[in-house]
Amino acid sequence: MSEAQSAMPGAAFEGAHTVRETGLCGMITLRGDLGASAMAEAVRDAAGTAVPGRREIVHEGASSVAWMSPDELLVMTEYARVPEALAAIGAALKGAHHLAVDVSDARAMFEVTGKPGAVREAIAKLCPVDMGHDAFAPGQIRRTRMGQVAAAFWMVDEGTIRVVCFRSVAEYVFGLLRDAGLPGGEVGLFG
Amino acid sequence: MLILECPCCGVKGEETEFAPGGEAHLKRFGPGSSEDDFHAYLFEKENPRGVHFERWRHANGCGKWFHAARDTLTLEVFGTYPAQTAEPPKDIRDKIAARRPGWRWREFS
Ligand SMILES: [Zn+2]
């Protein structure tokens, strides 16, 4: 089998904040009745977490599960674990109307790190989202527009934000995140 | 700036996060309908300066369709409500009546 490659292996930037491509990440789009007990079982078996609430993201070890819409979750885990996670989901939801698809190679992921105010500022420059401390915090996920393309992000902690986008626009998104951190562009709105 | 609250995911987002889907509550006339009905369905759309009912999609968000009642002149949003609604809901119409006494939109007032 060919060797899988992430969108921009090793891409990194250092400025007002740092940006790096996270490398291969396993991602599964999981759709179905999020309130069903079989769904809770599928998510627990695949990622070890509970089903996240509306606009929330939950983590357990190397896995995360994000709420994407009223009938859709994004299950993230190690790239190599995806077949195993898909099998667990398939077993738990056997007979129930659902969809579970490996989308790992359709996505790119970036991590923005830096001073707490700086990472909030990086997103605020690129997305029409209130990044104030009262409006957005770790534990939430936000799907939105970043520049000209769709993207989603969440805070791992106050100094770390992860951004996921389609692989086809990875270079564009990396460029946005880089340009938002160029020297001289600091605003300092978030401290 | 137009700010809509998506009733599906609860996000209060700015206009560019959404995609407009034209007039709301159209009754589709397809195969077997009269030419007049089909013509009206295709071309006779409301284009008011004021109260309007529209379909929107949270395109750069949860991806779902929903309805919005707003004023096209002031961009005031009277409310958003689920796509699975055949006509403007009573509570939205009451809200509009409070803000725009005497309003009319198609057969609703
Ligand atoms: Zn939404």
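**Close-up 1. Exposure and position of Glu35(B).** At a relative accessibility of 71%, Glu35(B) counts as exposed, because the cut-off for that class is over 50%. Glu35(B) lies in helix H1 of chain B, which spans residues 35-43. The model shown here and in the following views is predicted.

**Close-up 2. A negative surface patch on chain B.** Four residues form this negative patch: Glu35(B), Asp36(B), Asp37(B) and Glu44(B). One of them, Glu35(B), is placed in helix H1 (residues 35-43).

**Close-up 3. Backbone of Arg55(A).** Although Arg55(A) is not a glycine, its phi is positive, at about 60°. In chain A, Arg55(A) belongs to the loop that joins helix H1 (37-47) to strand S4 (57-60). The relative accessibility of Arg55(A) is 24%, so this residue counts as partly exposed; the class covers values between the 20% limit for buried and the 50% limit for exposed.

**Close-up 4. Backbone of Arg106(B).** A positive phi, near 50°, is found at Arg106(B), a residue other than glycine. Arg106(B) is located in the segment after helix H2 (90-99) of chain B. With a relative accessible area of 34%, Arg106(B) is partly exposed.

**Close-up 5. Confidence of the predicted complex.** Chain B has a mean pLDDT of 96, and 100% of the residues in chain B reach 70 or more. For the complex, the predictor gives an ipTM of 0.92 and a pTM of 0.94.

Terms used
Residues are numbered from 1 along each chain as its sequence is written. Chains are lettered from A and ligands numbered from 1 in the order in which they are written. This is a predicted model: local features need pLDDT of at least 70, side-chain atom pairs count only at pLDDT 80 or more; totals for chains, interfaces and linings use all residues. Side-chain values use heavy atoms; hydrogens and water are left out. Patches are made of residues with over 30% relative accessible area and no salt bridge: like charges are joined within 9 Å, nonpolar side chains (Val, Leu, Ile, Met, Phe, Trp, Tyr) within 5 Å. Accessible areas come from the Shrake-Rupley method with a 1.4 Å probe; for residues, only the protein chains shown count as cover. A salt bridge is a side-chain nitrogen of Lys or Arg within 4 Å of a carboxyl oxygen of Asp or Glu. Lys and Arg count as positive and Asp and Glu as negative; His and the chain ends are not counted. The place of a charge is taken as NZ of Lys, CZ of Arg, CG of Asp or CD of Glu. Helices (H or I, at least four residues) and strands (E, at least two) are DSSP runs, numbered from the N terminus. Buried means under 20% relative accessible area, exposed over 50%, partly exposed in between (1.4 Å probe, protein chains only). pLDDT is the predictor's confidence in each residue, from 0 to 100.
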